[in-house]
Amino acid sequence: MRPLSYRRAAEIGEAVATVSTEPTSAFLAGGTTEVDLVRLGVARHDLLVDINDLPLADIENLPGGGLRIGALARMNDVARAAQVVEMYPGIAQALLLGASEQLRNMATMGGNLCQRVRCAYFRDNVSPCNKREPGTGCSALDGQNRGHAILGTSEHCIATHPSDVAVALVAFDAVVHTIGPSGARIIPIENFYLLPGRTPHIEHPLEHGELIVAIEVPPLPVARGSLYLKFRDRQSYEFALVSVLSALLVQDGRITEVRLALGGVGTTPWRARRAEAQLVGAPATAGSFAAAAAAELDAAVLHEHNAFKQELAQRAIVRGLDQAMVSAVHGGAR
Amino acid sequence: MSSAIGSPIDRVDGPQKVTGAARYTAEIVLPHMTYAAVVAATVASGRVAVIDTGRARGAEGVLAILTHEDLPKLAEPHLLPSLAGAAAPGQSFFPMQKDVVHYAGQPVALVVADSHERAQYAASLVEVTYERAPSITTIDEGRDAAYEAERLFGGLLPARDERGDVDTAMAEAEVRVDVAYRFAANHHNAIEPAATTAVWDDGRLTIYDSTQGIRASQLTVAQLLGMPLSDVRVITHFVGGGFGSKAMVWPHVTLAALAARHVGRPVKLSLTRQQMFTSAGHREEQEQQLAIGATRDGRLTAMHHEKLSITSPFDDWAEPATGVSSQLYACPNYRGEHRLVRGNTMTPTFTRGPGEAVGVFVLETAMDELAHELGIDPLELRVRNHAAVDGHGNPWSSDGLEECLRHGAELFGWAGRNPVPRSRRDGDWLIGTGMAAAAYPVPLFMPTQRARARLYADGSAVVQAGTQEFGTGVLTAMTQVAADGLGLPLGSVRFEAGDTDLPNVSSAVGSAGAGMISAAVHAAATALRDQLVATAVADADSPLHGADPATIEVREGRITQREYPGVGETYGELMQRNRLADAEAPGSWTPPPLDTPHGLLTFGAQFAEVAVDPEIGLVRARRMVGVFAPGRVLNPKTARSQLVGGMLWGLGQALLEGNRMDPRHGRWGATSLGEYLVPVNADAPEVTVDFVELTDTVVNPLGVKGVGEIGQVGVAAAIGNAVFHATGRRVRELPMAAELVMD
Amino acid sequence: MPAWAVQLIAHHVRPKIMHNDQFVATAPPDRPPLTSGPSSLPVALTVNGSTHVVDLEPRVSLLDALREHLDLTGSKKGCDQGTCGACTVWVDGRRVLACLSLAVTCEGRSVTTIEGLAAGEELHPMQRAFIECDAFQCGYCTAGQIMSAVALLEEGNATTDAEIAESMSGNICRCAAYPNIRAAIREVRDAGEGGHRATA
């Protein structure tokens with residue numbers, strides 16, 4: 001591992017000031033991504049600023065409803081917080097399915113949003129990779145791409161975003177609060193994830209030194225019946241082949257509100273907006289679900305080893321919506 | 001008579017392992033320790049054009065950097081399986097002797113520094129410029145240049161096995177099944193990465209090595225360095241799993257020794273997890289085809305079993321795939337063949353159930369297809385065809401297959417199974433059951449095995465043999481064997497291993513460990529017992545004076561007349577009276593000749609129930625049952641654990657484990673445990689294991705046939721057959737990934 | 001009282017401080033603000049109730065600090081990248097991966113390793129159950145399994161076998177002793193002697 005300098009920050013301002021003035025520095029929270037990637041040589045930071053002492057770990061109900069989750073709240077603490085389980089079960093489920101107990105005790109919510117892709121070519125520190133070494137090419141396009149994305153890809157990068165909880169957060173229109181060298185700002189979570197396009201090395205609209213301090217999830221009745229399904233080769237401790245966050249509001253047999261997002265198939269945590277648009281107002285039937293799923297995956301760009309995910313993702317969506325019907329918030333005569 | 005053998009006693013090393021006190025190789029503390037890190041080639045073929053070590057040499061704490069330019073020249077390595085008892089390099093190529101690169105991951109430089117972190121970092125600063133040559137790393141790339149191998153396993157085995165007239169019999173068969181299968185490569189991934197610590201003292205070398213055979217490490221390093229064996233000592237107390245990856249001696253062991261000599265301090269070389277994918281062999285990518293001809297009433301008339309696999313540029317290595325298919329079932333016309341593609345990988349190696357984990361998958365999947373085709377119960381088809389003799393007409397040393405099948409069927413609840421595929425559903429899941437026969441060859445090509453027993457006048461004993469504990473429970477089982485041989489209570493016996501200065505035994509590989517080591521330990525212990533019995537009957541002051549030794553037995557440290565247990569004395573009384581502070585005896589065992597007129601297979605039966613989500617393509621094992629006939633079971637508790645582990649290896653083989661080369665770069669696609677998927681706790685169902693006890697008087701004195709491999713063999717077929725039963729879909733590729741299973 | 005119980009209260013009472021296993025006079029503050037590196041610096045690590053001051057580069061992981069600097073080799077290195085769980089230890093009573101933790105970040109926290117689990121010669125009930133149930137073979141993942149298993153009972157999520165299996169899935173056992181590991185956890189759970197405080 002490369003030599004590292006270390007600074008333990010006592011205040012947010014100090015942490016932001018330190019990282020923003022040191023070009024090869026980074027924040028260190030749970031370390032589950034950062035320490036791994038520095039050891040691999042993929043992350044080339046010289047200074048890590050330890051932010052674990054900052055008072056950013058609280059999970060609070062917001063006055064107008066909704067939840068504010070501190071950036072340093074650990075995955076396990078959020079997953080088991082009563083208000084999360086009650087108001088946003090899909091978040092809790094996604095967190096619990098997202099990593100081992102040990103990792104969930106370490107990894108923070110802010111760090112989770114910023115975790116890096118698991119593409120083997122990115123991680124091997126040798127193969128051409130536009131994300132790691134811009135301009136060198138994408139080895140996955142014509143390589144081993146079973147785990148790679150089919151939505152939101154570009155010819156420069158097809159790496160899948162690995163987060164589970166971010167899938168739930170994009171479905172619920174969470175917002176990301178940051179403090180950076182230019183002050184505080186609020187970023188809607190969908191804007192927080194940038195498609196790879198021509199610049200796959202730029203994953204977030206964050207300035208260097210800009211720190212995530214909290215994630216806010218708005219009040220959302222539909223989320224009370226939300227559900228996160230994750231399909232993977234192994235029963236546990238693996239990233240998704242495909243995952244689905246689904247939540248429905250149904251009135252008189254028709255869908256009045258739906259939240260649908262996908263993991264494992266997108267270069268970002270994928271809000272299935274096409275499917276959602278088609279579902280709102282439609283009868284809550286298998287036919288509607290299948291048609292919406294087909295519409296969403298119509299845009300898929302397939303490669304040699306991941307082509308099966310187009311069909312797989314559709315089936316997963318239908319499964320997710322089917323199961324969400326059980327827990328859906330129903331109104332009117334059923 | 002035996003009291004300790006066959007008892008399910010707890011592991012003698014349990015307390016050390018559960019408290020963290022057990023020291024593994026990388027945990028040996030030596031003064032002035034230094035740390036080595038390997039720089040591995042990133043190209044699969046070509047040469048090192050320039051190797052710039054300037055930046056690395058300037059890094060803090062760096063003590064030395066060795067490359068092909070300054071590494072001493074070594075003797076030529078020649079691959080031979082370690083069980084044979086000679087030098088056992090894993091491949092006939094030693095890196096860093098020239099500038100040539102034969103495979104990605106091949107060591108091109110070794111960095112030694114004063115800390116682990118500094119060595120690793122300096123290794124990353126070594127800048128290597130390669131002249132890249134075209135590479136072949138997949139079967140597809142080399143298919144056109146495939147050739148038929150003459151011999152396998154370092155020349156030990158013929159690559160072709162033929163009897164009768166296969167082509168005619170196949171053409172005339174009433175029913176034929178002819179299917180091709182593909183297999184991704186497998187990696188052992190023992191949780192302890194390979195590690196070696198080397199230290200020199202006055203021209204003598206001591207190596208602490210993570211190995212399945214300390215003797216093999218000693219022989220190999222001595223041969224490569226041109227040193228007398230007496231100057232090379234290898235010590236290994238605990239090994240964190242082997243599964244074949246530590247059965248042969250790989251270059252890092254000798255590199256550690258060379259580095260330690262170079263810096264004049266102890267060197268600890270631990271390979272990284274990533275490096276383990278290219279440093280200790282693997283199960284090769286392969287394809288197999290099996291054609292079976294049979295009569296309508298389910299008698300096999302012809303079999304043709306072919307394997308095509310990829311090997312290294314320097315060795316004709318293939319797991320022999322036909323050791324079971326050639327003899328498990330009576331079939332007059334048989335042909336087995338192995339074809340090879342030379343590629344740019346390291347030489348593949350033994351991986352749990354070598355050869356037969358895959359070969360029996362093919363055989364037992366084809367048998368299931370045949371049973372389905374004929375409408376015969378799969379279990380009955382096996383029983384109907386099981387051979388009474390091996391391929392040479394020799395009777396089995398011991399059998400037990402039918403008993404395993406029947407008993408397993410009973411435990412599993414096989415009777416009354418509706419054979420119609422897709423006939424059971426549980427919510428989103430289709431449920432299916434499947435079975436397979438299992439068999440694994442008993443190898444006997446080891447040299448003479450030795451042990452030593454010493455009894456002190458206080459009645460306690462130390463029994464020694466130079467084996468090593470890597471999870472098999474050998475320390476426990478040999479304590480039991482020694483206690484029974486000496487007639488002592490378990491608590492009075494300590495079994496010592498892990499040092500080549502002790503009497504030597506061969507590497508514990510191929511399920512041979514328990515049989516051959518117990519033979520030597522039993523010989524030593526009983527020799528010592530007999531020696532003391534002889535002393536007693538010759539001693540005028542002994543109550544046993546003048547007795548016929550054949551009428552005497554020893555129990556709980558007391559020597560008595562069998563018919564008159566009141567007549568006798570303890571070892572201690574005898575020894576103290578005879579001024580014997582201690583007594584000692586060596587013991588040895590020479591295996592039966594290679595042409596021993598017996599069929600040598602260990603048999604078993606595997607059953608599995610799976611749930612398949614046909615929309616998503618996921619397969620989950622719900623329960624597994626295995627029944628085995630491994631001869632005498634020294635310790636049913638540890639044996640059962642080993643068999644359960646083997647069965648879950650079979651589950652991983654069937655459903656999860658596979659690695660593929662990226663032919664553009666000639667590098668493995670998966671180089672971590674996040675990418676190469678081994679089963680986790682949630683993948684493992686409850687597993688039932690039982691034994692069919694039988695006596696084998698041929699294989700070794702205690703009749704132990706071993707449990708290391710047989711647990712895995714047949715599992716993948718049972719699971720695949722269950723997937724077929726659940727879905728109607730026959731998956732002919734391992735692992736059975738979701739995209740292959742989904743409707 | 002076993003070592004891990006001592007360490008739970010140690011940093012509230014003024015720990016005994018050792019510098020390279022020598023006693024020194026005063027304790028450092030719990031988590032002093034500091035900037036340091038890349039060269040080594042004295043780091044105070046409280047492990048199994050004892051505080052050790054060791055010179056460490058900031059890049060040194062907690063796992064390497066334990067294994068290479070404190071000679072606590074019970075915690076194992078299986079992958080060094082968070083994919084196997086062999087390095088599982090407790091930091092402030094929670095199970096974490098020592099390979100992905102930098103040692104310097106653990107200053108002022110209580111680290112418990114497998115060496116701190118037994119109360120002297122008396123094994124923790126989970127250690128006994130692992131032996132009785134033969135819940136290991138090679139033993140290399142065992143420390144991590146046991147540290148996870150004891151934490152699991154403390155966390156209270158071991159009601160069903162499925163829960164146990166899921167919660168133990170971050171600890172890979174390549175010998176695949178999984179059914180026996182579950183049996184050991186059930187045994188301790190059913191005897192009501194699990195958790196951190198079982199033998200206190």
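Biologist: How many salt bridges does the rule find across the interface of chain C and chain B?

Modeller: This is a predicted model, in which local features need pLDDT of at least 70 and side-chain atom pairs count only at pLDDT 80 or more, whereas totals for chains, interfaces and linings use all residues. Residues are numbered from 1 along each chain as its sequence is written, chains are lettered from A and ligands numbered from 1 in the order in which they are written, and side-chain values use heavy atoms, with hydrogens and water left out. A salt bridge is a side-chain nitrogen of Lys or Arg within 4 Å of a carboxyl oxygen of Asp or Glu. By this rule, the number found across the interface of chain C and chain B is 8.

Biologist: Which residue of chain B meets C:Glu57 in a salt bridge?

Modeller: The two side chains meet at 2.9 Å, N to O. The partner of C:Glu57 is B:Arg118.

Biologist: Which helix gives the most to the side of chain C that touches chain B?

Modeller: Helices here are DSSP runs of H or I with at least four residues, and strands are runs of E with at least two, numbered from the N terminus. Helix 2, helix 3, helix 4, helix 5 and helix 6 of chain C each give two or more residues to this side. With 6 residues, the most comes from helix 6.

Biologist: What area is buried between chain C and chain A?

Modeller: Buried area is the accessible area (1.4 Å probe) that two parts lose on being put together, summed over both. Contact, meaning heavy atoms within 4.5 Å, involves 39 residues of chain C and 36 residues of chain A. Carbon and sulfur atoms give 48% of the buried area, which is about 3000 Å².

Biologist: Is C:Thr83 buried or exposed?

Modeller: C:Thr83 lies in the loop between helix 2 and strand 6 of chain C. Leaving aside neighbours within four places in sequence, C:Thr83 is in contact with A:Tyr237, B:Leu673, B:Gly674 and C:Ile172. Buried means under 20% relative accessible area, exposed over 50%, and partly exposed in between (1.4 Å probe, protein chains only). Because its relative accessible area is 7%, C:Thr83 is buried.
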